[in-house]
Amino acid sequence: MPANLCQQRPVADISDTASKVVTLLSKMTIEEKVGQMSQLPGDGGNVSNRLRKTIENGHVGSILNEVNLDTINELQQIAIQDSRLGIPLLIGRDVIHGFSTIFPIPLGQAATWSPDTVEQCANLAAIEASENGINWTFAPMIDISRDPRWGRIAESLGEDPFLCKSLATSMVRGFQGDELSMPNSIAACAKHFAGYGASEGGRDYNTTNIPEHELRNVYLPPFKAAVESGVATFMASFSDLNGVPATANNWLLTDVLRNEWCFTGPVVSDWEAVPQLVTHGISVDRCDAALQACTAGIDIEMASDCYFNHLIQLINDKFISISEVDRIVSRILTLKFNLGLFSNAFTPSTQKANVLNKTHLKVAKEAAIKSCVLLKNNEQILPISKGKINTLSVIGPLANDGYEQMGTWAFDGKASQSQTCLQAIKDYAGNAININYAVAMENSRSNHQQGFGQAIESAKNADIALMILGEEAILSGEAHCRANIDLPGAQEQLIEAIHKTGTPIVLVIMAGRPITLEKVIAKVDAILFAWHPGTMGGPAITDLLFGLVSPSGKLPVTFPRTVGQVPLYYAQKNSGRPPSQETFVDMDSIEVRAPQTSLGMTGTYLDTHFTPLFPFGYGLSYSQFSYTDIKLNKEVIAIGNAIEISVTVSNIGRYNADEVVQLYTRDLVASVTRPVRELKGYQRISLAPGKSQVVMFELHTDELAFHNRKMECKAEAGLFHVWIGGDSSATLTAEFRVIN
Ligand code: NOJ
């Protein structure tokens, strides 16, 4: 890998902005420069004297977590009018899946497999946030997440680099618009760089050990795509990567991000991650932490004060050069110029017309509809036909809870503005169906069964028991990991109790992660997995349950049978002894004292199957689709070229429906082992019953490239298999050969 590709580029003309930055920089004291490198939390709707003085003195360049618009304007006013150089503030906030209008959690958005929907959600979130004075969001979160125990899987885009790359690009476009300077654009932040999703044991903040080829083939591509899509900023991960915490990781932040990928925006640390270098055991004290973080490539310290307290001395003592500090501060000032803050940093307080308006709610509902994944539908119990049932029993703590359906990272959404399932079902049913509601459990993790009796009675007297269960919002998200990912509390017992009534069960699950459902799946007739669907979850789920629209979400992450299978993801390596249906042996069928080699000697478990409960990409529809006629425009392609692969998809069912057509490949023999399947293309299409469509994919050999033993990213000659279908276990297949 050439040491510094970016320096080989022609030096850009000094633009207007660049010359303004140079001029401003020449007027700044060291203190003011270091101030720009510091980010502090707001005072929660107030401006304390301390914060006022800090801003007046130019000792802080950005504020996070202040959402009171009047206060934000006041802060900007202090920065612009009362500080010596009048430099406006960056105002950061975790606008992760909406601001006032809450869209499905990012994992749910990933289940839409719809880049347009994801872009729209980010765009509307940017509109609402910018009208509230925010100019920087700490999103998208693009950590590849293959461990459902990890609470932060909820805010991720799932397990797959290809899907994550495409949706990350859409999110960045949605937040930033065409120009950062447009009134409703906000700066995006690609986080958490890098490898955070691989935290050992799915426990937050834990160590990660990721070999470089895996890092480059799996974890880094979404970040590289974010750079290519013009993301304005990056955030370093809390985690330790191969022995060096990301916050002090020069290789990651400088060699890769700056020198290989030529990223020119600022990099912010995570919350107090700089002093945590001492806790990691890599810095002796906070001064050493500031030195290590700054020289590794952290431009802005979030929330703590190691930079402000120590960088000045470190610069004076020549541990850090002033020219390096100037480069860092230029990046921060350039962002402020690009955002148009020097022209206008104030947000009119009358401007909030767009918040939670009809368009936003409509998009939120459409996104929630597309995100719900139908996992099971026995004998087509769904959709529920309004004319065919008299009584519907709605059961469960998540049926009528506007707060919990918003999920994690929904700070600025209000429970009272959410529309719940119970409300929406009642509105839809009118007088045509009796709706009986039994909450059954105080909350999703309650172990008390006092409410079961009422729920059982309600189910006994109903045509269908609609159980709305899952995880309340606080059970996923940052620092909310679970070692057991079954339905929490007494939910399995509740399902068992309702099952015993003999009334068919439709189970809707709201959750921030895959849930292990093996113990309940046989007891229910249908399962609709709704993630945390956000403000419009109720109306979206109602439309799906009653067949106004067919489910079309597809899993962005594998659903294990049991937590012991984790990590379980579709793009596994084959190994030398791959498991198979033939070699799979259940523990109970082994004879006592059977010889060691009595089994198939392949990679299976004795006490569960090696396959997942639901594979990546899976999701049913009310209709059915057939895939036929896979065709390639050539069977041999030279590296540097593209091949066209097409398939005929037909709607052979009875409903108008969307389908997500997925293309997977396998590189059969390579210089390093390759996954058994990799997603290389997808398209969401809509088909009326009886209609067919030829879906065409163009696959360039660049998409087949991977990091080899020398860490060169290259496609290799050889045979490739390709599959197209409705999930990662697709069987319609063809092959092609790549030549040099
Ligand atoms: C810590 C989280 O890891 C990060 O994702 C978030 O943006 C910051 N806190 C700020 O809230």
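The questions and answers below look at confidence, strands and aromatic rings.

Visitor: What pLDDT does the protein chain average?
Guide: Good place to begin, as this is a predicted model. Residues 8–13 stay under 50 in pLDDT, yet 98% of the residues score at least 70. The average for the protein chain is 96.

Visitor: Which residue in β3 is the bridge partner of Ser62?
Guide: Strand β2 (residues 62–64) pairs with β3 in the parallel sense, over 3 bridges. Between the two, the chain passes through helix α4 (residues 69–82) in a right-handed β-α-β crossover. The β3 partner of Ser62 is Leu90.

Visitor: And which residue in β4 is the bridge partner of Gly92?
Guide: Leu90 and Gly92 point one way from β3, while Ile91 and Arg93 point the other way. β3 also runs parallel to strand β4 (residues 136–137), joined by 2 bridges. There, the partner of Gly92 is Trp136.

Visitor: How many residues apart in sequence are the parts that Phe234 and Phe263 tie together?
Guide: The two rings form a tilted pair, 4.8 Å centre to centre with 50 degrees between the planes. Phe234 lies in strand β6 and Phe263 in the loop between α10 and β9, so the pair ties together parts whose separation in sequence is 29 residues.

Visitor: Is Phe263 buried or exposed?
Guide: The cut-off for burial is under 20% relative accessible area. Phe263 has 5% relative accessibility, so Phe263 counts as buried.

Visitor: Which ring does the charged end of Arg146 sit over?
Guide: The charged end of Arg146 is 4.1 Å from the centre of that ring. The ring belongs to Tyr569.

Terms used:
Residues numbered from 1 in each chain as written. Predicted model: local features only at pLDDT ≥ 70, side-chain atom pairs only at ≥ 80, totals over all residues. Heavy atoms only, no water. Buried < 20%, exposed > 50% of the residue type's maximum accessible area, 1.4 Å probe, protein only. Helix = DSSP H or I, 4+ residues; strand = E, 2+ residues; numbered from the N terminus. Pairing = 2+ DSSP bridges. Right-handed = clockwise from strand over helix to strand, strands pointing away. pLDDT = per-residue confidence, 0-100. Contact = heavy atoms within 4.5 Å. Phe/Tyr/Trp six-rings, centres within 6.5 Å; stacked < 30°, edge-to-face > 60°. Lys NZ or Arg CZ within 6 Å of the ring centre and 35° of its normal.
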